Amino acid sequence: MTVEATHLPPPQRGIIRQVEIWPLRIPLRGALQIAVGEKRPSLDVVIVRLVTEEGVYGLGETQAWRRQGSSETLVGLIDAMQTLLIPQMIGQSVFDLAAIAARFDEVLYGRLAAKAALLDALYDAQGHLLGVPVWQLLGGRARESIETGAVLTLRAQLEDTLDEALAFYQQGYRHFSIKAGLDIRRDIKAVSALRHALGDEARLLVDANAALAFDDARRLLHGIAPFAVDAAEQPLALHDRHGLAALAATSPVALILDESITTQADLLQWIPERAAHALHTKTAKNGGIWHSRPLWQLAHAAGWQVRAGNHPATSLATLAVAHLATAWPHTLIPSPFSQSVTHDLVADVVTEPVRVDNARLRLGTAPGWGVELDMAQIARWQRR
(Lines give C-alpha, C1' and ligand atoms only; values in the text may rest on other atoms or scores of the structure.)
Protein backbone atom coordinates (compact mmCIF):
# COMPACT_ATOMS: atom_id res chain seq x y z
CA MET A 1 0.00 0.00 0.00
CA THR A 2 1.30 3.40 -0.96
CA VAL A 3 0.82 6.28 1.47
CA GLU A 4 1.03 9.69 -0.12
CA ALA A 5 2.09 12.72 1.84
CA THR A 6 -0.70 15.06 2.78
CA HIS A 7 0.09 18.70 2.05
CA LEU A 8 -1.53 20.76 4.74
CA PRO A 9 -1.66 24.55 4.47
CA PRO A 10 0.74 26.33 6.80
CA PRO A 11 -0.81 27.58 10.02
CA GLN A 12 -2.09 31.14 9.76
CA ARG A 13 0.16 33.72 11.37
CA GLY A 14 -0.75 36.71 13.46
CA ILE A 15 -4.01 35.49 14.96
CA ILE A 16 -5.29 38.20 17.30
CA ARG A 17 -5.73 36.88 20.81
CA GLN A 18 -6.42 40.07 22.75
CA VAL A 19 -6.90 43.82 22.28
CA GLU A 20 -6.16 46.23 25.13
CA ILE A 21 -7.24 49.87 25.17
CA TRP A 22 -6.30 52.76 27.45
CA PRO A 23 -8.06 56.15 27.54
CA LEU A 24 -5.52 58.83 28.49
CA ARG A 25 -5.55 62.54 29.27
CA ILE A 26 -2.09 64.06 28.86
CA PRO A 27 -1.48 67.70 29.85
CA LEU A 28 -0.16 70.21 27.33
CA ARG A 29 2.68 72.57 28.26
CA GLY A 30 0.39 75.47 27.41
CA ALA A 31 -3.34 75.64 26.75
CA LEU A 32 -4.24 75.21 23.09
CA GLN A 33 -6.50 77.92 21.64
CA ILE A 34 -8.03 77.88 18.17
CA ALA A 35 -10.95 79.87 16.78
CA VAL A 36 -13.63 77.33 17.73
CA GLY A 37 -14.25 75.65 21.06
CA GLU A 38 -12.81 76.19 24.49
CA LYS A 39 -9.14 76.35 25.38
CA ARG A 40 -7.68 72.88 25.59
CA PRO A 41 -5.26 72.29 28.52
CA SER A 42 -4.77 68.61 27.73
CA LEU A 43 -4.97 65.96 25.03
CA ASP A 44 -7.50 63.09 25.14
CA VAL A 45 -6.25 59.97 23.36
CA VAL A 46 -7.02 56.26 23.22
CA ILE A 47 -4.04 53.91 22.96
CA VAL A 48 -4.57 50.43 21.52
CA ARG A 49 -2.39 47.33 21.85
CA LEU A 50 -3.36 44.10 20.14
CA VAL A 51 -1.60 40.83 21.00
CA THR A 52 -1.21 37.89 18.61
CA GLU A 53 -0.93 34.19 19.45
CA GLU A 54 2.84 34.53 18.90
CA GLY A 55 2.96 37.25 21.57
CA VAL A 56 3.59 39.99 19.00
CA TYR A 57 2.16 43.44 19.74
CA GLY A 58 0.55 45.99 17.44
CA LEU A 59 0.06 49.58 18.61
CA GLY A 60 -2.36 52.30 17.51
CA GLU A 61 -3.75 55.65 18.62
CA THR A 62 -6.77 57.87 18.09
CA GLN A 63 -7.87 61.15 19.62
CA ALA A 64 -11.08 62.58 21.05
CA TRP A 65 -10.83 65.98 19.42
CA ARG A 66 -14.41 67.31 19.95
CA ARG A 67 -14.33 69.74 17.04
CA GLN A 68 -15.87 70.04 13.55
CA GLY A 69 -14.86 67.01 11.54
CA SER A 70 -14.03 64.96 14.65
CA SER A 71 -16.61 65.13 17.42
CA GLU A 72 -15.62 62.01 19.38
CA THR A 73 -15.26 61.73 23.16
CA LEU A 74 -13.17 59.26 25.15
CA VAL A 75 -16.29 57.50 26.43
CA GLY A 76 -17.74 57.22 22.94
CA LEU A 77 -14.54 55.88 21.44
CA ILE A 78 -14.11 53.25 24.13
CA ASP A 79 -17.72 52.09 23.82
CA ALA A 80 -17.53 51.75 20.03
CA MET A 81 -14.28 49.82 20.22
CA GLN A 82 -15.25 47.47 23.02
CA THR A 83 -18.81 46.65 22.02
CA LEU A 84 -18.64 46.64 18.22
CA LEU A 85 -15.17 46.75 16.70
CA ILE A 86 -12.81 44.64 18.80
CA PRO A 87 -15.10 41.57 18.65
CA GLN A 88 -14.59 41.63 14.86
CA MET A 89 -10.81 41.29 15.37
CA ILE A 90 -10.47 38.47 17.89
CA GLY A 91 -9.47 35.24 16.17
CA GLN A 92 -8.60 37.00 12.90
CA SER A 93 -5.14 37.40 11.43
CA VAL A 94 -3.50 40.83 11.42
CA PHE A 95 -2.83 40.17 7.72
CA ASP A 96 -6.59 40.12 7.06
CA LEU A 97 -6.70 43.89 7.31
CA ALA A 98 -9.06 44.40 4.36
CA ALA A 99 -11.58 41.90 5.70
CA ILE A 100 -11.43 43.40 9.20
CA ALA A 101 -11.92 46.92 7.81
CA ALA A 102 -14.94 45.68 5.86
CA ARG A 103 -16.42 44.05 8.97
CA PHE A 104 -15.92 47.32 10.87
CA ASP A 105 -17.99 49.12 8.24
CA GLU A 106 -20.70 46.44 8.39
CA VAL A 107 -21.21 46.73 12.13
CA LEU A 108 -20.65 50.49 12.49
CA TYR A 109 -21.23 53.21 9.91
CA GLY A 110 -18.64 56.00 9.88
CA ARG A 111 -16.92 56.57 13.24
CA LEU A 112 -13.51 56.53 11.54
CA ALA A 113 -11.77 57.87 14.63
CA ALA A 114 -12.77 54.72 16.54
CA LYS A 115 -11.56 52.51 13.69
CA ALA A 116 -8.30 54.35 13.05
CA ALA A 117 -6.31 53.13 16.05
CA LEU A 118 -7.37 49.50 15.59
CA LEU A 119 -6.59 49.44 11.87
CA ASP A 120 -3.24 51.15 12.38
CA ALA A 121 -2.34 48.59 15.05
CA LEU A 122 -2.70 45.88 12.39
CA TYR A 123 0.04 47.52 10.31
CA ASP A 124 2.36 47.69 13.31
CA ALA A 125 1.81 43.99 14.10
CA GLN A 126 2.36 43.02 10.45
CA GLY A 127 5.66 44.85 10.48
CA HIS A 128 6.80 43.05 13.64
CA LEU A 129 5.83 39.65 12.29
CA LEU A 130 7.63 40.25 8.99
CA GLY A 131 10.56 42.14 10.48
CA VAL A 132 10.03 45.28 8.35
CA PRO A 133 8.96 48.88 9.03
CA VAL A 134 5.44 49.94 8.12
CA TRP A 135 6.72 52.18 5.32
CA GLN A 136 8.09 49.04 3.67
CA LEU A 137 4.62 47.46 3.79
CA LEU A 138 3.28 50.54 2.01
CA GLY A 139 5.63 50.24 -0.95
CA GLY A 140 9.06 51.22 0.31
CA ARG A 141 10.94 54.39 1.09
CA ALA A 142 9.99 57.17 -1.35
CA ARG A 143 11.74 59.97 0.58
CA GLU A 144 14.67 60.08 2.97
CA SER A 145 12.95 62.42 5.41
CA ILE A 146 9.75 64.42 5.89
CA GLU A 147 9.77 68.18 6.27
CA THR A 148 7.58 69.25 9.17
CA GLY A 149 6.04 72.60 10.00
CA ALA A 150 5.21 74.65 13.07
CA VAL A 151 1.81 75.87 14.22
CA LEU A 152 1.36 79.30 15.80
CA THR A 153 -1.72 79.20 18.03
CA LEU A 154 -3.90 82.16 18.98
CA ARG A 155 -2.22 84.29 21.63
CA ALA A 156 -3.35 87.43 23.42
CA GLN A 157 -0.22 89.39 22.49
CA LEU A 158 1.26 89.60 19.01
CA GLU A 159 4.72 89.79 20.54
CA ASP A 160 4.24 86.31 21.98
CA THR A 161 3.35 84.96 18.54
CA LEU A 162 6.46 86.57 17.02
CA ASP A 163 8.69 85.19 19.77
CA GLU A 164 7.28 81.71 19.24
CA ALA A 165 7.76 81.93 15.47
CA LEU A 166 11.36 83.12 15.77
CA ALA A 167 12.15 80.28 18.19
CA PHE A 168 10.80 77.77 15.66
CA TYR A 169 12.72 79.48 12.86
CA GLN A 170 15.98 79.12 14.80
CA GLN A 171 15.25 75.39 15.13
CA GLY A 172 15.11 75.08 11.33
CA TYR A 173 11.37 75.40 10.69
CA ARG A 174 10.36 77.26 7.53
CA HIS A 175 6.66 76.30 7.17
CA PHE A 176 4.28 78.04 9.57
CA SER A 177 0.54 77.46 10.14
CA ILE A 178 -0.97 80.59 11.64
CA LYS A 179 -4.20 80.05 13.56
CA ALA A 180 -6.82 82.70 12.83
CA GLY A 181 -10.53 83.42 13.01
CA LEU A 182 -11.31 85.37 16.19
CA ASP A 183 -10.31 88.87 15.04
CA ILE A 184 -9.79 89.49 11.31
CA ARG A 185 -7.93 92.76 11.78
CA ARG A 186 -5.60 91.17 14.28
CA ASP A 187 -5.06 88.18 11.98
CA ILE A 188 -4.02 90.40 9.07
CA LYS A 189 -1.69 92.36 11.34
CA ALA A 190 -0.14 89.10 12.60
CA VAL A 191 0.51 87.79 9.08
CA SER A 192 2.12 91.11 8.12
CA ALA A 193 4.34 91.08 11.20
CA LEU A 194 5.34 87.44 10.70
CA ARG A 195 6.30 88.03 7.07
CA HIS A 196 8.44 91.00 8.11
CA ALA A 197 10.06 89.09 11.00
CA LEU A 198 10.68 85.78 9.20
CA GLY A 199 11.58 87.06 5.74
CA ASP A 200 10.89 85.68 2.32
CA GLU A 201 12.24 82.21 3.09
CA ALA A 202 9.33 81.40 5.42
CA ARG A 203 6.23 79.74 3.98
CA LEU A 204 3.02 80.97 5.60
CA LEU A 205 -0.39 79.29 5.77
CA VAL A 206 -3.45 80.63 7.61
CA ASP A 207 -5.91 78.22 9.27
CA ALA A 208 -9.29 79.42 10.55
CA ASN A 209 -10.56 75.96 11.56
CA ALA A 210 -13.96 76.45 9.88
CA ALA A 211 -14.77 79.40 12.13
CA LEU A 212 -15.52 82.28 9.73
CA ALA A 213 -18.61 83.71 8.11
CA PHE A 214 -18.36 84.29 4.36
CA ASP A 215 -17.77 88.06 4.47
CA ASP A 216 -15.15 87.75 7.21
CA ALA A 217 -13.37 85.02 5.25
CA ARG A 218 -13.28 87.21 2.16
CA ARG A 219 -11.87 90.12 4.17
CA LEU A 220 -9.21 87.88 5.63
CA LEU A 221 -8.13 86.39 2.30
CA HIS A 222 -7.83 89.76 0.59
CA GLY A 223 -6.11 91.24 3.63
CA ILE A 224 -3.36 88.60 3.80
CA ALA A 225 -2.78 88.33 0.04
CA PRO A 226 -0.05 91.03 -0.11
CA PHE A 227 2.14 89.01 2.27
CA ALA A 228 2.75 86.00 -0.01
CA VAL A 229 0.62 83.52 1.93
CA ASP A 230 0.73 80.05 0.34
CA ALA A 231 -2.80 79.02 1.30
CA ALA A 232 -5.70 79.42 3.69
CA GLU A 233 -7.12 76.30 5.29
CA GLN A 234 -10.83 75.68 5.89
CA PRO A 235 -12.07 79.25 6.33
CA LEU A 236 -15.77 78.27 6.35
CA ALA A 237 -17.84 75.58 8.05
CA LEU A 238 -17.33 72.05 6.77
CA HIS A 239 -20.81 71.83 5.23
CA ASP A 240 -20.73 75.18 3.36
CA ARG A 241 -20.09 73.76 -0.10
CA HIS A 242 -21.50 76.71 -2.05
CA GLY A 243 -19.81 79.26 0.19
CA LEU A 244 -16.39 77.65 -0.17
CA ALA A 245 -16.74 77.34 -3.93
CA ALA A 246 -17.78 81.00 -4.24
CA LEU A 247 -14.95 82.06 -1.96
CA ALA A 248 -12.37 80.09 -3.95
CA ALA A 249 -13.60 81.60 -7.22
CA THR A 250 -12.54 85.11 -6.20
CA SER A 251 -9.87 84.44 -3.58
CA PRO A 252 -6.33 85.71 -4.20
CA VAL A 253 -5.11 82.95 -1.86
CA ALA A 254 -5.44 79.22 -2.60
CA LEU A 255 -7.66 77.17 -0.28
CA ILE A 256 -7.05 73.86 1.50
CA LEU A 257 -9.88 71.72 2.89
CA ASP A 258 -9.59 69.85 6.18
CA GLU A 259 -12.78 69.46 8.20
CA SER A 260 -14.88 69.19 5.03
CA ILE A 261 -13.26 65.94 3.91
CA THR A 262 -13.56 62.75 5.92
CA THR A 263 -14.13 60.05 3.30
CA GLN A 264 -13.44 59.37 -0.36
CA ALA A 265 -17.11 60.16 -1.04
CA ASP A 266 -16.59 63.61 0.47
CA LEU A 267 -13.57 64.24 -1.73
CA LEU A 268 -15.41 63.07 -4.84
CA GLN A 269 -18.12 65.64 -4.14
CA TRP A 270 -15.65 68.46 -3.56
CA ILE A 271 -13.37 67.95 -6.56
CA PRO A 272 -15.86 69.27 -9.18
CA GLU A 273 -16.56 72.34 -7.02
CA ARG A 274 -12.98 73.60 -7.51
CA ALA A 275 -13.17 74.95 -3.98
CA ALA A 276 -9.59 74.00 -3.08
CA HIS A 277 -6.26 72.81 -4.43
CA ALA A 278 -5.31 70.50 -1.54
CA LEU A 279 -6.65 68.46 1.36
CA HIS A 280 -5.33 68.07 4.90
CA THR A 281 -5.74 64.58 6.36
CA LYS A 282 -5.60 63.49 10.00
CA THR A 283 -5.16 59.90 11.18
CA ALA A 284 -8.19 59.95 13.48
CA LYS A 285 -10.51 62.05 11.30
CA ASN A 286 -9.79 60.02 8.17
CA GLY A 287 -9.57 56.51 9.62
CA GLY A 288 -5.84 55.76 9.86
CA ILE A 289 -3.54 54.63 7.09
CA TRP A 290 -6.05 52.21 5.56
CA HIS A 291 -8.57 54.96 4.77
CA SER A 292 -6.17 57.90 4.37
CA ARG A 293 -4.02 56.43 1.62
CA PRO A 294 -6.87 56.10 -0.91
CA LEU A 295 -7.76 59.72 -0.16
CA TRP A 296 -4.22 60.75 -1.07
CA GLN A 297 -4.33 58.72 -4.27
CA LEU A 298 -7.68 60.16 -5.28
CA ALA A 299 -6.52 63.70 -4.53
CA HIS A 300 -3.37 63.21 -6.57
CA ALA A 301 -5.37 61.89 -9.51
CA ALA A 302 -7.52 65.04 -9.37
CA GLY A 303 -4.48 67.33 -9.34
CA TRP A 304 -4.82 68.20 -5.66
CA GLN A 305 -1.90 68.34 -3.25
CA VAL A 306 -1.80 66.52 0.08
CA ARG A 307 -1.02 67.87 3.52
CA ALA A 308 -0.13 64.99 5.83
CA GLY A 309 -1.34 66.04 9.25
CA ASN A 310 -2.74 65.07 12.60
CA HIS A 311 -4.73 66.32 15.51
CA PRO A 312 -2.46 66.91 18.51
CA ALA A 313 -1.18 63.39 19.22
CA THR A 314 1.48 61.24 20.85
CA SER A 315 4.33 59.53 19.02
CA LEU A 316 2.09 56.66 17.88
CA ALA A 317 -0.26 58.65 15.65
CA THR A 318 2.69 60.84 14.64
CA LEU A 319 4.48 57.73 13.39
CA ALA A 320 1.42 56.57 11.46
CA VAL A 321 1.57 59.83 9.49
CA ALA A 322 5.34 59.60 9.10
CA HIS A 323 5.30 56.05 7.72
CA LEU A 324 2.54 56.89 5.25
CA ALA A 325 4.41 60.01 4.16
CA THR A 326 7.72 58.16 3.82
CA ALA A 327 6.13 55.79 1.30
CA TRP A 328 4.40 58.58 -0.68
CA PRO A 329 6.28 59.44 -3.88
CA HIS A 330 4.54 62.74 -4.63
CA THR A 331 4.69 66.27 -3.23
CA LEU A 332 3.54 66.85 0.34
CA ILE A 333 2.68 70.20 1.92
CA PRO A 334 4.57 70.33 5.25
CA SER A 335 2.40 70.31 8.37
CA PRO A 336 3.01 70.49 12.14
CA PHE A 337 1.98 66.85 12.66
CA SER A 338 4.93 66.18 14.98
CA GLN A 339 4.74 69.35 17.10
CA SER A 340 2.71 67.83 19.93
CA VAL A 341 5.49 65.34 20.58
CA THR A 342 8.44 67.68 20.12
CA HIS A 343 7.05 70.81 21.81
CA ASP A 344 3.57 70.62 23.32
CA LEU A 345 2.94 67.49 25.42
CA VAL A 346 4.40 67.14 28.92
CA ALA A 347 4.91 63.41 28.33
CA ASP A 348 4.68 60.70 25.68
CA VAL A 349 3.49 57.09 25.68
CA VAL A 350 6.53 55.41 24.10
CA THR A 351 9.98 54.76 25.52
CA GLU A 352 11.72 56.63 22.68
CA PRO A 353 9.54 59.50 21.41
CA VAL A 354 9.72 60.79 17.86
CA ARG A 355 12.65 63.10 17.19
CA VAL A 356 12.77 65.94 14.67
CA ASP A 357 16.10 67.39 13.56
CA ASN A 358 16.21 70.75 11.78
CA ALA A 359 12.47 70.42 11.08
CA ARG A 360 12.91 67.04 9.36
CA LEU A 361 11.74 63.64 10.59
CA ARG A 362 13.51 60.54 9.31
CA LEU A 363 12.35 56.99 9.98
CA GLY A 364 14.66 54.06 10.51
CA THR A 365 14.31 50.42 9.62
CA ALA A 366 13.04 48.95 12.90
CA PRO A 367 9.98 46.68 12.52
CA GLY A 368 6.49 48.18 12.65
CA TRP A 369 6.37 51.72 13.96
CA GLY A 370 9.75 51.12 15.59
CA VAL A 371 8.66 51.97 19.16
CA GLU A 372 7.48 50.34 22.38
CA LEU A 373 4.92 51.53 24.93
CA ASP A 374 6.08 53.20 28.12
CA MET A 375 3.74 51.49 30.56
CA ALA A 376 4.65 53.85 33.38
CA GLN A 377 3.33 56.78 31.34
CA ILE A 378 0.23 54.81 30.34
CA ALA A 379 -0.53 54.19 34.02
CA ARG A 380 0.23 57.80 34.96
CA TRP A 381 -2.21 59.41 32.51
CA GLN A 382 -4.93 56.75 32.31
CA ARG A 383 -8.51 57.94 32.83
CA ARG A 384 -10.34 55.65 35.26
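1. A quick word on terms before the helices: axes here are lines fitted to C-alpha atoms, for helices over the stretch in contact, with angles running from 0 to 180 degrees between N-to-C directions. Helices (H or I, at least four residues) and strands (E, at least two) are DSSP runs, numbered from the N terminus. Bear in mind that this is a predicted model, where local features need pLDDT of at least 70, side-chain atom pairs count only at pLDDT 80 or more, and totals for chains, interfaces and linings use all residues. Residues are numbered from 1 along each chain as its sequence is written, and side-chain values use heavy atoms, with hydrogens and water left out.

2. Contact means heavy atoms within 4.5 Å. On the helix 2 side the contact is made by Leu-97, Ile-100, Ala-101, Phe-104 and Asp-105; helix 3 brings Lys-115, Leu-118, Leu-119, Leu-122, Tyr-123 and Gln-126.

3. Three strands make it up, in the order 1-2-3 and with antiparallel pairing (two strands pair if DSSP finds at least two bridges between them). Strand 1 (16-32) and strand 3 (57-63) are at the edges with a single partner strand each, so one side of each has no neighbour in the sheet. On average, neighbouring strands are turned by 20 degrees against each other, direction ignored. Seven bridges join strand 2 (residues 40-52) to strand 3, and Val-51 stands opposite Tyr-57 in strand 3. Helix 3 (residues 112-130) lies across strand 1, strand 2 and strand 3, running at about 155 degrees to strand 3.

4. On charges: the structure holds 17 salt bridges, each a side-chain nitrogen of Lys or Arg within 4 Å of a carboxyl oxygen of Asp or Glu. One of them joins Glu-20 to Arg-49, with the closest N and O atoms 2.8 Å apart. This pair links distant parts of the chain, with Glu-20 in strand 1 and Arg-49 in strand 2, 29 residues apart. Both Glu-20 and Arg-49 are buried (under 20% relative accessible area; exposed is over 50%, partly exposed in between, with a 1.4 Å probe and protein chains only).

5. Arg-103 and Glu-106 make a local pair: their side chains meet in a salt bridge at 2.4 Å, N to O. Both lie in helix 2 (residues 97-107), three residues apart, about one turn of the helix. Arg-103 is partly exposed at 35% relative accessible area, while Glu-106 counts as exposed at 56%.

6. Now strand 6. Five of its five residues are buried, so strand 6 is largely enclosed by the rest of the structure. His-175, Ser-177 and Lys-179 point one way, Phe-176 and Ile-178 the other. Strand 5 (residues 150-152) runs parallel to strand 6, joined by three bridges, with Val-151 opposite Ser-177.

7. Lys-179 also forms a salt bridge with Asp-207, the closest N and O atoms being 2.9 Å apart. Lys-179 is in strand 6 (residues 175-179) and Asp-207 in strand 7 (residues 203-207), so the pair ties together parts 28 residues apart in sequence. Both Lys-179 and Asp-207 are buried.
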